[in-house]
Amino acid sequence: LYMIEHDPGARDIWEYNLASHYDKIGEYDLAIKYFNICLKANNTVAYLGLGDVYRHKKEYETALAYYEEAKRHHLYQADSQIRSLKREMMFSRIVKR
């Protein structure tokens, strides 16, 4: 707890990990809240996390927007996430027919 209170870097990591945990257990609103806190601290990796959350919520257009924002911040994982999401979106449209 001391590290989190006195080291901003440790706090940023803790908030990001908490957001990821909430995403994994399906607490999407809390995940979004903590990823947004990360963004306010200039942790641009949170764009990928937000993309993942919205993808899990099946809000594909919002997920794509966050992945595109991650790409604008030169996060190399964004390209593969975008390609994968576009395939998922295409499959989702086919299944709905």
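**Figure 1. Asp 29, Lys 57 and Glu 59 are joined in a network of salt bridges.** A salt bridge here is a side-chain nitrogen of Lys or Arg within 4 Å of a carboxyl oxygen of Asp or Glu. The model is predicted, so local features need pLDDT of at least 70 and side-chain atom pairs count only at pLDDT 80 or more, while totals for chains, interfaces and linings use all residues. Residues are numbered from 1 along each chain as its sequence is written, and side-chain values use heavy atoms, with hydrogens and water left out. Between Lys 57 and Glu 59, the closest N and O atoms are 3.5 Å apart. Lys 57 is partly exposed at a relative accessible area of 29%, and Glu 59 is partly exposed at 31%. For these classes, buried means under 20% relative accessible area, exposed over 50%, and partly exposed in between (1.4 Å probe, protein chains only).

**Figure 2. The protein contains six helices and zero strands.** Helices (H or I, at least four residues) and strands (E, at least two) are DSSP runs, numbered from the N terminus. Read from the N terminus on, the elements follow the order α-α-α-α-α-α. Of the 97 residues in the protein, 36% are buried. Contacts are pairs with heavy atoms within 4.5 Å. Among contacts with a separation of 6 or more, 35% join residues 24 or more positions apart.

**Figure 3. Helix α4 (residues 46-56) packs against helix α5 (residues 60-72), with axes that come within 8 Å.** The axes are lines fitted to C-alpha atoms, for helices over the stretch in contact, and angles run from 0 to 180 degrees between N-to-C directions. The two axes cross at roughly 165 degrees, and α4 and α5 are therefore roughly antiparallel. Angles under 35 degrees count as roughly parallel, over 145 as roughly antiparallel, 65 to 115 as roughly perpendicular and the rest as oblique. The crossing of α4 and α5 is left-handed, a term for a near helix turned anticlockwise from the far one by less than a right angle, with clockwise giving right-handed. On the α4 side, the contact is made by Tyr 47, Leu 48, Leu 50, Gly 51, Asp 52, Tyr 54 and Arg 55. The α5 side contributes Tyr 60, Thr 62, Ala 63, Tyr 66, Tyr 67, Glu 69 and Ala 70. By class, the residues of this contact are nine nonpolar, two polar and three charged. Ala, Val, Leu, Ile, Met, Phe, Trp, Tyr, Cys and Pro count as nonpolar, Asp, Glu, Lys and Arg as charged, and the others, Gly among them, as polar.

**Figure 4. Helix α3 (residues 28-40) and α4 cross at roughly 165 degrees.** Their axes come within 9 Å. α3 and α4 are therefore roughly antiparallel, and their crossing is left-handed. From α3, Tyr 28, Ala 31, Ile 32, Phe 35, Asn 36, Cys 38 and Leu 39 take part. They meet Ala 46, Tyr 47, Gly 49, Leu 50, Val 53, Tyr 54 and His 56 of α4. The residues of the contact of α3 with α4 comprise 11 nonpolar, three polar and no charged.

**Figure 5. Helix α4 is mostly covered, with nine of its 11 residues buried.** The buried residues of α4 are Ala 46, Tyr 47, Leu 48, Gly 49, Leu 50, Gly 51, Val 53, Tyr 54 and Arg 55. After α4 comes Lys 58, with a positive phi near 65 degrees.

**Figure 6. Glu 88 and Arg 55 meet through their side chains in a salt bridge of 2.7 Å, N to O.** Glu 88 lies in helix α6 (residues 77-96) and Arg 55 in helix α4, so the pair ties together parts that are 33 residues apart in sequence. Arg 55 counts as buried at 12% relative accessibility, whereas Glu 88 is partly exposed at 26%. The whole structure has five salt bridges.

**Figure 7. Lys 71 and Asp 79 form a salt bridge at 3.2 Å, N to O.** Lys 71 is partly exposed, with a relative accessible area of 42%. Asp 79 is also partly exposed, at 33%.

**Figure 8. Glu 61 belongs to helix α5.** Glu 61 counts as exposed at 51% relative accessibility. Leaving aside residues up to four places away in sequence, Glu 61 touches Met 89 and Arg 93. The C-alpha atoms of Glu 61 and Gly 51 are separated by 9.5 Å, with the two residues 10 apart along the chain.
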